[in-house]
Amino acid sequence: DNQIRFVKSSLWYHGYGRPELYQLPSDGSAGSRELLLAFSWMLHRLSLLEQLLAQNRVRTGDETSVCTCEDDLSNSQKGPTEAAPECGLGDRIDIRYLQWLNGRLRFQWQSLHAQHQEHCKLLHKIHLLTTGSHMDQSLGHFSVTEAELVRHPENYKQLLQLLESETMQLEAFLEWKQLEAVYWQWMETVLDNMTEEGNMCKSQGTHVEKSSLPKVTLCCPWADSLNGQIERLSRDLLTLQHQLQELVTHRKAAWAEKVQRREELQKELLPDTARKIQERVELKLLDLCAPKNHQMHGSCRLVLRSRHPASIRCVPKEAVSGVSAAEVSRELQVKQGRLKRELEQLQEECRQRLEEIAEGLDGVICISP
């Protein structure tokens, strides 16, 4: 039961929104096709096999992850906002507990940062002491794994087994890529069959409901008067709904007209010179915030250089060309400045919105911080 609840919670966390999976019994007696659909969704959405290959590959010991890509928050913001099934928190949460969790998280983050700094110092020491010992002149020094093998040569068998295991996984991945199209064709048929079965069940349920309604009127002599009252109430509700829709459309049209008048007024009051300056500033900001083509993403290897104290050499794509740590730092600083400008713009919009709301409140004085 705990494993099944954990699987459901994990799928919900990653954004899997099929309700039939979460309605399965917790004893594992049914739902093999639902699990198959969820597994296929993870293969496609999360790139599950690629992540497993990246986690199980042999590490050199002096690697780091670099990512200067733009964060795609649109998909995460569109996710479900309901509580997770069978594991949601209660209606009331103590604020002191949240403060304690926040403090614990900050303490663990500081501990992790200190350990990372210590790791960088030891890595720099290994690279400095082994400079000029490597056969590859593009590297010039040993990695952590190579230095460990020099100290303990008897561990080469274990490293050889790990490399053979990684080779087998890569061969299996290549075989999967050749047969992947057949798998997805099969999954389309499974999904079509489940959709047809669901439609049949819904149609049968509606038929049963419709056939069960007349039996009530035959057994109960007072059902006719009750049905008449229900019909009158339904007509009244429909009339109110139509009136409400007309009122909403009228209010929307009036509001749109007010907004249009305000925009025209602002355009008339704004001088031409100020408008030109504003357009130039917006164009410069767009050029500054434009995404660059040389965005870095993935695992990279740290390599010691004589001119640059530390630089990053990207292993997956290019083995010769590298990028310096100063360039990565500049890229991250530009991204930080862009995010700060976006934050200030959002804060200004929120402040203006709050001022508009405060103007409509009578007898209330709002003082901005």
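**The aromatic ring pairs in context**

Modeller: Of the 369 residues in the protein, 15% are buried, where buried means under 20% relative accessible area, exposed over 50% and partly exposed in between, with a 1.4 Å probe and protein chains only. This is a predicted model, in which local features need pLDDT of at least 70 and side-chain atom pairs count only at pLDDT 80 or more, whereas totals for chains, interfaces and linings use all residues. Residues are numbered from 1 along each chain as its sequence is written, and side-chain values use heavy atoms, with hydrogens and water left out.

The protein has 11 helices and four strands, taken as DSSP runs numbered from the N terminus (helices H or I with at least four residues, strands E with at least two). When contacts (heavy atoms within 4.5 Å) between residues at least 6 apart in sequence are considered, 59% join residues at least 24 apart.

Turning to the rings, a pair of this kind is described by the distance of the centres and the angle of the planes. Rings of Phe, Tyr and Trp (its six-membered ring) pair if their centres lie within 6.5 Å, and planes under 30 degrees apart count as stacked, over 60 as edge-to-face and the rest as tilted. The structure holds six aromatic pairs. One of them joins tyrosine 183 to tryptophan 184, whose ring centres are 5.2 Å apart with planes at 75 degrees, so this pair is edge-to-face. Tyrosine 183 also pairs with tryptophan 186, and since the centres are 5.9 Å apart and the planes stand at 65 degrees, that pair is edge-to-face. Tyrosine 183 and tryptophan 186 lie three residues apart in helix 8 (residues 156–219), so about one helical turn separates them.

Ring pairs link Trp176, Tyr183, Trp184 and Trp186 into a cluster.

For a buried residue elsewhere in the chain, consider serine 143, which has 2% relative accessibility and sits in the loop between helix 6 and helix 7 (144–151). Leaving aside residues up to four places away in sequence, serine 143 touches Thr60, Asp62, Ile126 and Arg301.
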